[in-house]
Amino acid sequence: MSVIDSLLGKNARRFVKRKDSDAGEIGLSLEELRSTLYNDFSSSEGAKRQQQRYCGPFVAMSFNFMVSVGIIMANKMVMGKVGFSFPIALSLIHYSIAWFLMAFFRLFSLLPVSPPSRSTPFSSLFLLGVVMSFSTGLANISLKHNSVGFYQMAKISVTPTIALVEFILFSKKVSLNKVLALAVVSIGVAVATVSDLEFNLFGACIALAWIVPSAVNKILWSNLQQTSNWTALALMWKTTPVTIFFFMALMPLLDPPGFLSFDWNLNNSMTILISALFGFLLQWSGALALGATSATSHVVLGQFKTCVIMLGGYAFFNSDPGIVSLCGAIVALSGMTVYTFLNLRASPDSSAASTTKQLLKHASFAKKAKTTTDGEKSEAKNVVDYSTMELGVKETA
């Protein structure tokens, strides 16, 4: 240090002090950033704010769309190339892998914190887990025992079921313009996809039994995230064990025998594992989309995926669904565009109402705090006056 001093003099000391000061400022900034991140993820309110900040409706629905295309390819390999014909067992594997991944996240404190148990009754979480198992399991069985056309008709009927259930449970009404747009979407999807209405009594019963759990499942996921401080991963962590338990109960009843005798070689196991990873991403992205939008919007997104896959196959893979199906897909996409426009136009109004509600809440809280402070000051003044009087009495005595 003396050599540097002799060569540079006072400038060397200033340079070293400035570097020390910069290092201290950088360290302080990093510490503040770490503290902010810890505060955001150590509470359910902070975790939900981060989810809303980084995963809005467009991001969540785009994520769900891309994962849905990926899992279609993965499940085609599992069902076709591998020959794994156990739909309930496949769902059980998907949710088990998802639970182990979330347990890994929790081990390293990467899983968002759940809200306090008193804010959401355990019965609500238990019901969501049960409904999730029936919704996923019955959907796979319906796809196995029904034609594609009958399966699509069942999916279309989920939309009015959601509107009816939301009206019964939450008195939620849908505007006439949205009803007309959804009707156009449903008619377009029906024309585009319903080409083979093969009737099977067992398959029809399964499809009818699947409609209500599917609608209730979407409504509960959306409602719990939007009305409470639940994030998608935190809600998945709480409900997945219940879902796994009911999958284990449904598997011997609805799956064909032969699960244990399946050829579990390395190639087959890796293919099923890849499908399970896509299943976890699909469940997560679907929960994010339901938290960012609504149950009806998520159903419309599913129909949008169907139409896009059909048009993509026609444009890029020389598939020929027929002119009637193509016209139906175009009509459905037009209805979806109108429905999305109506939702976007309604969003600023709801945001303004929410902001006004928050401002009124803060104003009420501030007024209450001010009243409490004034009362404390008055009480303190009375205590001082009383103490002064008591002191005067003692001095006089």
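Let me begin with the aromatic rings, because the structure holds 20 aromatic pairs, where rings of Phe, Tyr and Trp (its six-membered ring) pair if their centres lie within 6.5 Å, and planes under 30 degrees apart count as stacked, over 60 as edge-to-face and the rest as tilted. This is a predicted model, in which local features need pLDDT of at least 70 and side-chain atom pairs count only at pLDDT 80 or more, while totals for chains, interfaces and linings use all residues. Residues are numbered from 1 along each chain as its sequence is written, and side-chain values use heavy atoms, with hydrogens and water left out.

One of the pairs is formed by Phe-84 and Phe-259, an edge-to-face arrangement with 6.1 Å from centre to centre and 75 degrees between the planes. This pair links distant parts of the chain, 175 residues apart, with Phe-84 in the loop between α4 and α5 (87-107) and Phe-259 in the loop between α11 (232-254) and α12. Helices here are DSSP runs (H or I, at least four residues), numbered from the N terminus. Phe-84 is buried, at 0% relative accessibility, whereas Phe-259 is partly exposed, with a relative accessible area of 24%; buried means under 20% relative accessible area, exposed over 50%, and partly exposed in between, with a 1.4 Å probe and protein chains only.

A tilted pair comes from Phe-134 and Phe-246, whose ring centres are 6.4 Å apart and whose planes stand at 50 degrees. Phe-134 lies in helix α6 (residues 122-145) and Phe-246 in helix α11, so this pair ties together parts that are 112 residues apart in sequence. Phe-134 is partly exposed at 30% relative accessible area, and Phe-246 is buried at 19%. Elsewhere, ring pairs join Phe-63, Phe-104, Phe-105, Phe-108, Phe-280 and Trp-284 into a cluster.

Turning to the helices, the axes of α4 (residues 57-82) and α12 (residues 266-292) come within 8 Å and cross at roughly 155 degrees, the axes being lines fitted to C-alpha atoms over the stretch in contact, with angles from 0 to 180 degrees between N-to-C directions. That makes α4 roughly antiparallel to α12, since angles over 145 degrees count as roughly antiparallel, under 35 as roughly parallel, 65 to 115 as roughly perpendicular and the rest as oblique.

Finally, which residues does Ser-297 contact, leaving aside its neighbours within four places in sequence? They are Met-61, Tyr-339 and Asn-343, where contact means heavy atoms within 4.5 Å. Ser-297 itself sits in helix α13 (residues 295-316) and is buried, with a relative accessible area of 9%.

Notes
Helices (H or I, at least four residues) and strands (E, at least two) are DSSP runs, numbered from the N terminus.
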